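User: Please go through this model with me. I would like each label set against its definition.

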Number of protein chains: 2
Amino acid sequence: MEKSPLAPDHFPDLPVIDGVTFAAIAAGVKYKDRTDVMLAVMAPGTQIAGVFTKSSTRSANVLDCQAKLGGASDAGAAIIVNSGNSNAFTGKAGEGSVAAVCEATADALGIPTERVFTAATGVIGERLPHDKITAKIDELVVAQNAGGLEAAANAIMTTDTFAKGATKTVEIDGKPVKIAGIAKGSGMIAPDMATMLVYIFTDAKLGQDELQATLGSLCDETFNCITVDSDTSTSDSLMLAATGVSGVDVSGNASFTNALKDVMLDLSHQVVRDGEGATKFVEVTVTGGATDASAKTIGLAIANSPLVKTAIAGEDPNWGRIVMAIGKSGEPADRDKISIHFGDILVAEEGWVADSYTEDAGASYMKAQDLKISVDLGIGTGTSTVWTCDLTHGYITINADYRS
Amino acid sequence: MEKSPLAPDHFPDLPVIDGVTFAAIAAGVKYKDRTDVMLAVMAPGTQIAGVFTKSSTRSANVLDCQAKLGGASDAGAAIIVNSGNSNAFTGKAGEGSVAAVCEATADALGIPTERVFTAATGVIGERLPHDKITAKIDELVVAQNAGGLEAAANAIMTTDTFAKGATKTVEIDGKPVKIAGIAKGSGMIAPDMATMLVYIFTDAKLGQDELQATLGSLCDETFNCITVDSDTSTSDSLMLAATGVSGVDVSGNASFTNALKDVMLDLSHQVVRDGEGATKFVEVTVTGGATDASAKTIGLAIANSPLVKTAIAGEDPNWGRIVMAIGKSGEPADRDKISIHFGDILVAEEGWVADSYTEDAGASYMKAQDLKISVDLGIGTGTSTVWTCDLTHGYITINADYRS
């Protein structure tokens, strides 16, 4: 698979996060000649927060992680993830696979199974050959090292066209606090159901409750604001581990929260930039809505509309389709109060195309790779920004290929 | 545009509906060398019911029709529709265009403007050149004839690849009651926002209130159960005119309701069969849901999922994507109680692929042009059936082409 035209130039230089080590290995779950299992091992005292898919058909791994969140942090903890098989819709056998992987990892590391978190991404409905993973755990434990986060990012890819990483360091109380994260995902990935997985690590010190609340609230402004194709995986997982090894208490610290949000935004945008078949990265901002939630519903109606997304693919400044998407959202809007901008270009206002607008200006703007569409509804103070990509022949080719 | 591979063999033989006459003419609104305005003229006493788009950005024509529904029926009535320009998002000028067309039609026919209903379909955001339409009204009035329904069906097409008609005659009290209808639509049609328009005529006798209630309730089981691309037009209109000329009172008559539903289902399926780029016609049936509404939400989540639709395009029996779509719907479901059939083939049950299922059987089934996907949720008695088409390169090509 060719690298997405929207990919960053290179994988970022990720710092060592004190209190976490990583390892990646080729276990042969499905792929040949590449790594497909990552292990992260965290020091005693690490607090772990998580946000997971709301799907009613979520995988055994997700259910297990959700049950374990908030447990005692005095022992160490681990995250172990495989690619190539999602262990989703595998019935009771799927739960058995999760238990087997957790037990083997806990035994090898000398930590409770309640502190081992798992994820799996890849083909659905096939029994996870967990023996291949458990057979490699001793090797993973030996291989762990503080600089292994990039290798971990590579091991969890499925049809991603590039590995995704982001980092930020902030100075708090005169000491550096580091945040580094990795992600995988490019829509619900062909040839089968797949997954967005995100793992973020920091040496900051923060209690479990605040860590979970911060992660949930930032997720609403970042990962919950991106869409490639409106389809939701059974396995989506976002986890944040705070080792506390820096000794810097970041409770209530806005600099830390902002830095964490930057890392989450960066990773979420990279997922969109690796959207299946994507050739354009699109920011949709809605202002003047009845409420923030209403503005977000309208933003997502625009960002998920196949007609808006195909128009963008065709570099067609087809603002009529944006009006249509606003209308179908079911949220309050008044035709005669809507204004629409492409970048700085005023396209429509007062229920009609703007006097100053020309098709040439709109068409020229649409040729850019990164686009901004702004809608002001003019009826309230609700705002929202969401991000998406275009819908191209590439998406059809990737997803209509026979699963082989 | 080549005719859809899912098109019926031929346009049906539509009967004369006593009390209605039709005319079609080339007014040159946008298209050259084809008819683009249709007129239907109904006898005094005709009752008219209508169902319209719920879009908050609906067109001036839709707003005008909604205001006129339920008016006195002692005078005659008319429906006048143009293709080529949707008169949507044209501000106050759009309301002026509707008024001009209604007044000219009312004058020429000697009926009140309150009994003239309009619709417009085609390009959005461009002023409707209504002078071109009003200039032709005298000619339309002269040309009206009882056999003109097929010509009317042709005049309202935009990028439809075939004209759509359906009919049914039922015997009630020993007398034939006739129903005939036409439709246009093939998704939200490129190169611009477009429309589903449906006009159904019957010589049955029925009061306004019951006519409207029957139409609304049947619409929920027919046109509101189809989806091509999840996008909703600003102009969708469905109107039913009962002239009463047969003298047969069909109040509370199940045979009439069933016949009307057959005509509506037939027309709604033809719209799906003309879905942009469609190569497969797909029926999705959900049973065992918490409620009928919940079953419909899940059915539409499956029918609208880009991943399900591309898998169908690729003839891929990718049942994992159906599990995903059930999960993302937000409706109650229990992974271990779901069963899935392709046609008569049991694919999955009890949270896993069925023992008897083979990929070969699934792959062979998916090669058919008409497909049935059945999901039993196993948690209640709610049921729903919806219809859709696949998502192909043809859809992208049609909708990503630059609007010229």
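User: What makes the buried residues of α9(B) count as buried?
Analyst: Buried means under 20% relative accessible area (exposed is over 50%, partly exposed in between; 1.4 Å probe, protein chains only). P306(B), L307(B), V308(B), K309(B), T310(B), A311(B) and I312(B) are the buried residues of α9(B). With seven of its eight residues buried, α9(B) is mostly covered. The model is predicted: local features need pLDDT of at least 70, side-chain atom pairs count only at pLDDT 80 or more, and totals for chains, interfaces and linings use all residues. Residues are numbered from 1 along each chain as its sequence is written, chains are lettered from A in the order written, and side-chain values use heavy atoms, without hydrogens and water.

User: Why is the pair E95(A) and R335(B) called a salt bridge?
Analyst: A salt bridge needs a side-chain nitrogen of Lys or Arg within 4 Å of a carboxyl oxygen of Asp or Glu. The N to O distance between the side chains of E95(A) and R335(B) is 3.2 Å, so the pair meets the definition. The count between chain B and chain A is three salt bridges.

User: How is the area between chain B and chain A defined, and what is its value?
Analyst: Buried area is the accessible area (1.4 Å probe) that two parts lose on being put together, summed over both. For chain B and chain A the value is about 5300 Å², with 57% from carbon and sulfur atoms. By contact (heavy atoms within 4.5 Å), 69 residues from chain B and 68 residues from chain A take part.

Note on methods:
Helix = DSSP H or I, 4+ residues; strand = E, 2+ residues; numbered from the N terminus.
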